[in-house]
Amino acid sequence: MKLRNDLTLRKVAGEYIIVDPGKDMVDMSKVFTFNETSAFIWEELQGKEFNEEDIVALLLENYEVSKEIAQADARILIDQFHKFGLII
């Protein structure tokens, strides 16, 4: 899987956000907020093919978390990315 390359993560007023302009670039109502960890993962994966294990590895390398927690968090993040159409 791969993150959509037409979306840009931005830090605005201390918040990480992505605005999905939609196909006609008129509807600016789809705004996604990210916490610091999900923003880090987004930036690390941008432009790359990845799978769940890649996210688990990033979490284990950069955060003090067990493998079980990292796997659960990776699944949740992927599910959210799919739910909101952020993965192609």
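Helices (H or I, at least four residues) and strands (E, at least two) are taken here as DSSP runs and numbered from the N terminus. With that in hand, we can walk through this predicted model. Residues are numbered from 1 along each chain as its sequence is written, and side-chain values use heavy atoms, leaving out hydrogens and water. Because the model is predicted, local features need pLDDT of at least 70 and side-chain atom pairs count only at pLDDT 80 or more, while totals for chains, interfaces and linings use all residues.

How confident was the predictor? Its confidence in each residue is the pLDDT, from 0 to 100. The protein chain averages 91, and 91% of the residues score at least 70. Among the elements of the chain, α2 has the highest mean pLDDT (98) and β3 the lowest (90).

Let us start with the sheet. It is open and has 3 strands in the order β1-β2-β3, paired antiparallel; two strands count as paired if DSSP finds at least two bridges between them. At the edges are β1 (10–12) and β3 (30–34), each of which pairs on one side only. On average, neighbouring strands of this sheet are turned by 45° against each other, direction ignored. Strand β2, residues 15–20, joins β3 over 5 antiparallel bridges, and I17 stands opposite T33 in β3.

Helix α1 (residues 36–45) packs on this sheet, touching β2 and β3. Its direction makes about 105° with that of β3, where axes are lines fitted to C-alpha atoms, for helices over the stretch in contact, and angles run from 0 to 180 degrees between N-to-C directions. F40 lies in α1. Leaving aside residues up to four places away in sequence, F40 touches L58, N62 and Y63, contact meaning heavy atoms within 4.5 Å.

Now to helix α3, residues 67–83. Which residues of α3 are buried? They are A70, Q71, A74, L77, I78 and F81, buried meaning under 20% relative accessible area, exposed over 50% and partly exposed in between (1.4 Å probe, protein chains only). Seen down the axis of α3, these residues fall within an arc of 130°, so they line one face of the helix; the arc is that of the directions from the helix axis to the C-beta atoms. What covers them includes β3, α1 and α2 (52–62). The face turned away carries the exposed residues E68, I76, D79 and K83. After α3 comes G85, with a positive phi near 70°.

Methods:
pLDDT is the predictor's confidence in each residue, from 0 to 100.
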